[in-house]
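Colleague: I would like to learn how to read an interface and a helix packing. Where do we start?

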Amino acid sequence: MMADLILTRGLKSEPSVRLSAYLERGGYQALRTALTQWTPEKVIDEVKTASLRGRGGAGFPAGLKWSFVPRTTDKPKYLCVNADEGEPGTFKDRFLMTHDPHLLIEGAVIAAYAVGIHAGYIYIRGEYEAVARRLDEAIAEAYAHGVLGKNILGRGFDFDLWVHRGAGAYICGEETAMLESLEGKRGVPRLKPPFPASVGLFGCPTVINNVETLACVPMIIRKGAAWFLENGRPKDGGTRLFSLSGAVQKPGVYELPAGTKLREIIFVHAGGLKPGAALKAVIPGGLSAPVLRADEIDVPMDVDALAAAGSMLGSSAVIVIDAATPMLSVLEKVAKFYEHESCGQCTPCRIGTSWIRRVVKRMIEHRGKAADLDLVLRLATNIKGRTLCPFGDAAALPILSIVRKFRTELEASLHSAGEKSFDA
Amino acid sequence: MSFTFSAELEPKIGALLLRYPTRRAALLPVLRLIQDEHGHISADAERRVAEILDLTPINVREVVTFYTMLTRSPVGRFHLQVCSNVSCGLAGGDRVSAYLQAKLGVRPGETTPDGKYTLTEVECLGACDEAPCMMVNFDFYGHLEAARVDEILDGLA
């Protein structure tokens, strides 16, 4: 099956940032259709039928999430766009916002209409300042064009949208940490329940969707759920943006149907490995996803298949590791990242991630002890499932998978004085 | 010593406050504005921000210390932030950091004596297709190698 391009159609040939280019491509037609011909309930039903699953990492069905928000409430409701793209290896939301900011805005307005929301914030990671400025410009264009603000397209629906810049904290990609951060606090996750759909931003019902998730919405309205489903899997509709990085010939963003085989993505679309390099391992869904060995890549890239393979699709970020790269150095970077980004709220995570980092560091520095790998396994196991938010598992699972799947290599490097760095 | 907002900052802060139902929600954007103007966030600035947002000074301090991009001490005119995560590592990111350390005579976290450069190793910058990469202040540079790093540094006025 040759899939249609849902998200990146038209981006190859023309400058696409300006509103005029977006309108020429049929932009904001879906919004017009939704506001003039569809009830909010119909929008939610269509998105449900399309099996649109969240593109941020958790893979939760978007339509279902929208339907959890109370229809009538005496409180304001909010939309938060999760543009805090911090999952290492992931750069697809940056690509979308850089090349097609209006696609996100249109998706956000439609979502707001469906749920009855009148105010929204795009929470974008602070490092993406250039992208944030582009969004600011696009939002100004959208206001001037009457697709944001009061009485959108003359249909009596109001929606305001602002860009809110983060300041360097991976944890703020976790939805409740994002809410805390937006409220002007440390980005520390909240205990759930209550879920944001009932008690979210400023204590009000809130929808939080990833950039790519919202960017799928206009085409679902324009071409229908059936068409969207044809371009993906029955329980995971549409195409996905895969971020390819590491030891491949052609790193970049690839739009492919959900369910495309990981092997095909690496060897056909990304051009295979760099000359002379052999495949050792793949991290298939951003750094938090458990690693796959070279013999485990005949797996379809959809939420359920990756889960069945013991990993996760996560943010669809594929990091390709070549045979020359020592897994101990990969483990060290993974451990360093989670130590740095742990918010410190839960003891197993705060202590565990820094302890693991120290143990791995001494292994790198040839001071490792025979029992160190078991110690790392024990520490990671003690984090898993014992934290308030998914960060704990996100730290523990890749570490456990690297140690378990590459134990022989790690033990050998423990006993040798050989080179363990990336740049051997 | 007291801290006063510049004439440019006042209206920007006023506009920010209109976006949120609470004054506190404007904290991160206000801190970013101050840091962009002053290079860092001093204790005096923290106290002044607390005043205008109806917060206690500790409400501000705990936020400043939580977020990596906010800094309480001055950094160099050019803040070189080199990615040290896996995708950049696979493309030679550690080499880039080592090269900058040798060239500038500083370790990560340090500033050159003339105050021109601060070198920091950071986590993934979300530009792995251009690995290895770094940010200089808010500008991105990818596909780094020694010659390219020299060229970039020469171009910084």
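Modeller: With a cut-off. A salt bridge is a side-chain nitrogen of Lys or Arg within 4 Å of a carboxyl oxygen of Asp or Glu. Keep in mind that this is a predicted model.

Colleague: How many salt bridges does the rule find across the interface of chain B and chain A?

Modeller: The rule finds three. One of them pairs A:Lys336 with B:Glu123. Their closest N and O atoms are 2.9 Å apart.

Colleague: Which elements of chain B give two or more residues to the side that touches chain A?

Modeller: Helices H2 (27–38), H4 (57–66), H5 (86–90) and H6 (93–104) of chain B. By class, that side of chain B has 20 nonpolar, nine polar and eight charged residues.

Colleague: What area is buried between the two chains?

Modeller: About 3,800 Å², with 58% from carbon and sulfur atoms. B:Arg19, B:Phe66 and B:Leu90 supply 17% of what chain B buries against chain A, more than any other three residues. In residues, 37 of chain B are in contact with 52 of chain A.

Colleague: Now the helices. How are two packed helices described?

Modeller: By the angle between their axes and the distance between the axes. Here, H2(B) and H4(B) pack at about 70 degrees, and their axes are 11 Å apart. The angle therefore makes H2(B) roughly perpendicular to H4(B).

Colleague: Which residues make the contact?

Modeller: H2(B) brings B:Leu27, B:Leu28 and B:Leu31. H4(B) brings B:Asn59, B:Val60, B:Val63 and B:Val64. That contact has six nonpolar residues, one polar and no charged.

Methods
Residues are numbered from 1 along each chain as its sequence is written. Chains are lettered from A and ligands numbered from 1 in the order in which they are written. This is a predicted model: local features need pLDDT of at least 70, side-chain atom pairs count only at pLDDT 80 or more; totals for chains, interfaces and linings use all residues. Side-chain values use heavy atoms; hydrogens and water are left out. Contact means heavy atoms within 4.5 Å. Buried area is the accessible area (1.4 Å probe) that two parts lose on being put together, summed over both. Helices (H or I, at least four residues) and strands (E, at least two) are DSSP runs, numbered from the N terminus. Ala, Val, Leu, Ile, Met, Phe, Trp, Tyr, Cys and Pro count as nonpolar, Asp, Glu, Lys and Arg as charged, and the others, Gly among them, as polar. Axes are lines fitted to C-alpha atoms, for helices over the stretch in contact, and angles run from 0 to 180 degrees between N-to-C directions. Angles under 35 degrees count as roughly parallel, over 145 as roughly antiparallel, 65 to 115 as roughly perpendicular and the rest as oblique.
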